[in-house]
Amino acid sequence: MNFTVILAIVAILVVLRFLRIGLLAWFGVWLVAMYVFVSHGFTTPIPGSMINIFMGIVAIALFAYATSSRERQQETFGRIVEFAANPRYTMPLAVVTLAIPGLVAWSVYRSAQQPIEPPFFGRTVHPSPPTEITVHGEKIDLLKGESPLRALEKTNPDKFAEHVKNGRDTYYENCFYCHGDYLSGEGMYAHGLNPLPANFLDQGVLPNFQESFFFWRIAKGGPGMPDEGGPGDSAMPEWERFLTNEQMWEVVAFLYADTGYRPRSWEGHVAEAAH
């Protein structure tokens, strides 16, 4: 969270509350404040489609409040009705009537005139990870390291199954909104994201990588994507901010267990290199 932006919004709202501005102006302030909050209040960028959905909900909520009583309705829309009906405001009303569709047309025109340019470099869907990362003070070897849970699959299957269940719970609490109920990358927010969320059912995803690769992608998220992973503004959060290392390893274990795929091992890399 960007607490500087959030505190500034709260301070402005408190000051304006004491100034007792009109209800219509108050609604306008709330719309602007909520837009600034969702567009600049989070460290991880919020997709434009999600901002539009959120602002639509805010607008509907404000409209419902404004029409909840005759007094609020009169206070909110009284001046607008007077502006539209009073002959004294004929000229300003004509200007506004022409300006609104004019601004909309100009916005559409500007959007249509954006040049189509190829990316500066080819995007790698699954970029190469660094050799090592540090998460919560723990160094993770991404080249030869293995999941600390994988050995339990043979030595203590019941404990491993418990970790998988925990990973399932964590996934459906945090990840399915983008990656989907069936791990297919078709979550409710997927259509507004670029790049699209990973489809874990794809045979070219889970079986082709070590578990440490997905631990890295979960922990570091979109902000940790190297340049070769662009262009695209990944909305993947840095989950290390919210989850423990064990929780992230549990999610990785769940992904493999639920899809039936096996993770690629370092020995597998060595064997293929030898051939």
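Is C175 buried or exposed? C175 is buried, with a relative accessible area of 13%; buried means under 20% relative accessible area, exposed means over 50%, and partly exposed lies in between (1.4 Å probe, protein chains only). This is a predicted model, in which local features need pLDDT of at least 70 and side-chain atom pairs count only at pLDDT 80 or more, while totals for chains, interfaces and linings use all residues. Residues are numbered from 1 along each chain as its sequence is written, and side-chain values use heavy atoms, with hydrogens and water left out.

We begin with the overall picture. The protein has 275 residues, and 32% of them are buried. Its accessible surface comes to about 17,600 Å², a value from the Shrake-Rupley method with a 1.4 Å probe, where for residues only the protein chains shown count as cover. Carbon and sulfur atoms account for 62% of that surface. The protein contains 11 helices and two strands. Helices (H or I, at least four residues) and strands (E, at least two) are DSSP runs, numbered from the N terminus. Read from the N terminus, the order of elements is α-α-α-α-α-β-β-α-α-α-α-α-α. Contact means heavy atoms within 4.5 Å. Of the contacts between residues at least 6 apart in sequence, 61% join residues at least 24 apart.

Next come two pairs of helices. The axes of α3 (residues 48-66) and α4 (residues 70-85) come within 8 Å and cross at roughly 115°. Axes are lines fitted to C-alpha atoms, for helices over the stretch in contact, and angles run from 0 to 180 degrees between N-to-C directions. On the α3 side the contact is made by F63, Y65 and A66, and on the α4 side by R72, Q73, T76 and F77. These residues divide into four nonpolar, two polar and one charged. Here Ala, Val, Leu, Ile, Met, Phe, Trp, Tyr, Cys and Pro count as nonpolar, Asp, Glu, Lys and Arg as charged, and the others, Gly among them, as polar.

In the second pair, the axes of α7 (residues 157-174) and α10 come within 7 Å and cross at roughly 95°. The two helices are therefore roughly perpendicular to each other, since angles under 35 degrees count as roughly parallel, over 145 as roughly antiparallel, 65 to 115 as roughly perpendicular and the rest as oblique. Residues of α7 in this contact include F160, H163 and Y172, and those of α10 include E246, V251 and A257. The contact residues divide into nine nonpolar, five polar and three charged.

Helix α10 covers residues 245-259, and N245 is found in it. N245 is buried, at 9% relative accessibility. Leaving aside neighbours within four places in sequence, N245 is in contact with V135, H136, E138 and F215.

G192 lies in the loop between α8 (176-179) and α9 (211-220). G192 is partly exposed, with a relative accessible area of 23%. Not counting residues up to four places away in sequence, G192 touches P47 and S49. P47 is 145 residues from G192 along the chain, yet their C-alpha atoms are separated by 6.4 Å.

Finally, we return to the cysteines. A disulfide is a covalent bond between the sulfur atoms of two cysteines; the cut-off used here is a pair of cysteine sulfur atoms within 2.5 Å. The structure holds zero disulfides. For C175, the nearest cysteine sulfur is that of C178, 8.7 Å away. C178 is in no disulfide either, and at 23% relative accessibility C178 counts as partly exposed.
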